[in-house]
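Hello,

Here is the structure I promised to pass on. My notes on what turned up follow below it.

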Amino acid sequence: MLKGILAISGHSGLFKMVAESKNSIIVESLDTQKRMPVYSTAKVSALEDIAIYTYEADVPLKDVFKAISDAEDGGAAISHKSSGNELKTYFEKVLPDFDQDRVYVSDIKKVLQWYNALQEKDMLDFSEPEEDETTDETTEEKAD
């Protein structure tokens with residue numbers, strides 16, 4: 001789901017990697033669909049490599065998005081422009097054991113902004129749990 005989705009320092013929004021060239025990668029903005037080269041000097045973060053600190057272990061961003069989706073019944077999360085206290089309270093409901101000393105309000109804003117952008121573009125796919133439900137139904141039929 002998050003494979004090939006990038007955040008680029010100095011540029012707002014998210015980008016999809018389209019191609020690689022000798023000295024750069026070509027990305028396409030999810031918002032404007034405009035393509036641009038990104039050179040090796042830019043700080044690029046792949047969403048699939050990002051995790052959120054908790055008191056026990058780091059939680060992959062994909063799992064955080066799943067928790068937000070479950071809390072919102074697949075709908076949009078609160079705005080990333082909400083107050084810091086509102087954002088922390090919301091994030092505590094979604095990920096109760098996040099490390100409040102190492103996860104800043106700016107991090108929460110980014111996570112919610114990214115979630116809402118991907119949710120708006122219908123790019124969030126949590127199909128793995130659906131496969132488990134199918135397996136459970138098959139097991140019940142065998143039991144009958």
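**The cores**

The largest nonpolar core has 28 residues, and Leu47, Phe65, Ile68 and Leu118 touch the most other members. Bear in mind that this is a predicted model. The most come from α3, which gives six.

**How α1 meets α3**

Helix α1 covers residues 61–71 and helix α3 covers residues 105–120. Their axes come within 11 Å and cross at roughly 70 degrees. That falls in the 65 to 115 range, so α1 and α3 are roughly perpendicular to each other. On the α1 side, the contact is made by Leu61, Val64, Phe65, Ile68 and Ser69. On the α3 side, Val111, Leu112, Trp114, Tyr115 and Leu118 make it. By class, this contact has nine nonpolar residues, one polar and no charged.

**Two residues of this contact**

Start with Ile68. Leaving aside neighbours within four places in sequence, Ile68 is in contact with Ala77, Tyr90, Val94, Val111, Leu112 and Tyr115.

Next, Ser69, which is also found in helix α1. Is Ser69 buried or exposed? Its relative accessibility is 11%. The cut-off for buried is under 20%, so Ser69 counts as buried. With neighbours within four places in sequence again left out, Ser69 is in contact with Gly74, Tyr115 and Phe126.

Best wishes

Terms used:
Residues are numbered from 1 along each chain as its sequence is written. This is a predicted model: local features need pLDDT of at least 70, side-chain atom pairs count only at pLDDT 80 or more; totals for chains, interfaces and linings use all residues. Side-chain values use heavy atoms; hydrogens and water are left out. Axes are lines fitted to C-alpha atoms, for helices over the stretch in contact, and angles run from 0 to 180 degrees between N-to-C directions. Helices (H or I, at least four residues) and strands (E, at least two) are DSSP runs, numbered from the N terminus. Angles under 35 degrees count as roughly parallel, over 145 as roughly antiparallel, 65 to 115 as roughly perpendicular and the rest as oblique. Contact means heavy atoms within 4.5 Å. Ala, Val, Leu, Ile, Met, Phe, Trp, Tyr, Cys and Pro count as nonpolar, Asp, Glu, Lys and Arg as charged, and the others, Gly among them, as polar. A nonpolar core is a set of buried Ala, Val, Leu, Ile, Met, Phe, Trp, Tyr and Cys residues joined through side-chain atoms within 4.5 Å. Buried means under 20% relative accessible area, exposed over 50%, partly exposed in between (1.4 Å probe, protein chains only).
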